[in-house]
Amino acid sequence: MIRKKPAIVLFQCQYCLASSMDQYWVETELPENVKLIKVSCSGRIDPLYILNAVQGGADGIMVCGCMPEKCHYKEGNLHARRTLSEFCNFLNLLGYSQDRFVFHWMNIDERGVIQSLLTEFEKNLEKLGAQPHLKTRTFSQEKA
Amino acid sequence: MPTTRDQKIQAEAKRLLQEGVVDVVIGFTKGTLPYKMQPCFIQHAEDVEQLELNGLCSNNLAVYLNHRPKDERTAIVVRGCESRAVQTLVLENRHARENLYLIGVPCIGILDLQKIQQHEQDPVLAIQEEGDQVHVTLKSGEKTFQRSEILHNACLHCNHPLPVNADMIIDEAGLFEERTFDKSYLESFRSLSLKERYQEFTKEAERCIRCYACREACPMCYCEECFVNHSRPQWVDSTIDPAGQQAWHIIRAFHQTGRCVSCGACERACPMNIKMTYLTDLLNQDMFKEYDFEPGLDPALMPPFLALGEDNEKFGVGPEGSHAG
């Protein structure tokens, strides 16, 4: 039996990866089970985007943004931190475990952290197993 | 000299219209069915006799502030939840507080017709209230209920039945005192397992027919274009399949975080009797735990998602160097 790797959706703020090598890796060499959604700021990530990913079958959600006070738009990441962490709690109440969320606020001098984070997250998700709840979406966004 | 609650409301409304303090008084009047009350807009002092208020007034009148011109001088008959809703709308710049006159009424609770139907299958012909007792005329005869038996759940869990920050308060006893929120039903939901919580949620959401009556009844749902109405890109499936139903209930509730005043107008408007205040109550409970915030109580305090305080400690992230991810 071929075991499928957990599907991960990575929401990434375009300013948070200061290292261009890491950015290049994220854009071109991501493993197939990770889908990158690059946004202009972590504050732009509407809970609806995350819910769409969850309903579309994502086993894990990773959100990467800038450190507090390092936001290109001053306070987009503060907004994201409050709303998305609460949204994560809320989904936890409705059947999507909060262990399937990872928030990481990138420091400017971090190099090669995103790869190790993704590997670790993937390991954790494999332990948790398949995600049966809220996986309900049947129509495709691309056709619309 | 006005003696009853209705007469006092009418006298105040008459004074406001005669003296030209306001252009319109929003209140309740008798509806087309004998046990339904409907909102009314009184613009002339001679019409004030129409105004009434009883336990059958199930709408939240604050919703009409979103539909009226912003600069219209308006008086509203408000109960506890409505006054908090007005407060939140003022905070969000939907209406200027100086153009509003709040006629506060200590709340007597809202009756839930569904609860009567649970006891009695017969069609209800009329409902008469008398203090703590409610006389219901059914097709087969009359029956008397205690008011607390057939109160709406949102009213049973109500925390602040007295109007907040009203311009005047009608001098009549309400049904409740200020009390601490009965959290037991939320705690019992939280104590369920992940799977049970999902099943509970699905059981409610799958009955949704996507009529959006909850949205129309809610004073906090005032977006010009709702996220479910977007067609390009279509964020949420608009048919009654599980994906669309669940997404609607999750995001609708989440948009109310720290804003919902727990009036229960959404549940009363729902034609399918879907429970949904538990979702917003859970979120509000989180907001209270983490930010010590309750919607509509403090006229100066912004909701947590609008006020971005420095909460680095809470998230374990410092501005420089150390962080816990």
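Biologist: How do the residues of the lining of the largest pocket divide into nonpolar, polar and charged?

Modeller: Bear in mind that this model is predicted. The largest pocket has a volume of about 960 Å³. Its 39 lining residues include B:Met220 and B:Arg259, both among the closest to the centre. Sorted by class, the lining holds 19 nonpolar, ten polar and ten charged residues.

Biologist: Which helix gives the most to the lining of the largest pocket?

Modeller: Chain A supplies two or more residues from each of helix 2 (47–55) and helix 3 (76–93). The top contributor gives four residues, and that is helix 8 of chain B.

Biologist: Now the second largest pocket. Which domains of chain B each give at least three residues to its lining?

Modeller: This pocket holds about 640 Å³ of space. Its lining counts 28 residues, with B:Asp112, B:Leu113, B:Gln114, B:Glu267 and B:Arg268 nearest the centre. At least three lining residues come from each of domain 1 (5–112 + 151–291) and domain 2 (113–150).

Biologist: Which element gives the most to the lining of the second largest pocket?

Modeller: Three elements of chain B each supply at least two residues: strand 2 (37–42), helix 3 (113–119) and helix 9 (265–269). The top contributor gives five residues, and that is helix 3 of chain B.

Terms used:
Residues are numbered from 1 along each chain as its sequence is written. Chains are lettered from A and ligands numbered from 1 in the order in which they are written. This is a predicted model: local features need pLDDT of at least 70, side-chain atom pairs count only at pLDDT 80 or more; totals for chains, interfaces and linings use all residues. Side-chain values use heavy atoms; hydrogens and water are left out. On a 1 Å grid over the protein atoms alone, a cavity is a set of points where a 1.4 Å probe fits but cannot get out, and a pocket is an open set with protein on both sides within 12 Å along at least five of seven lines; lining residues have an atom within 4 Å of a point. Grid points are joined across faces, edges and corners, and a volume is the space filled by probe spheres set on the points. Ala, Val, Leu, Ile, Met, Phe, Trp, Tyr, Cys and Pro count as nonpolar, Asp, Glu, Lys and Arg as charged, and the others, Gly among them, as polar. Domain bounds come from an automatic or database domain assignment.
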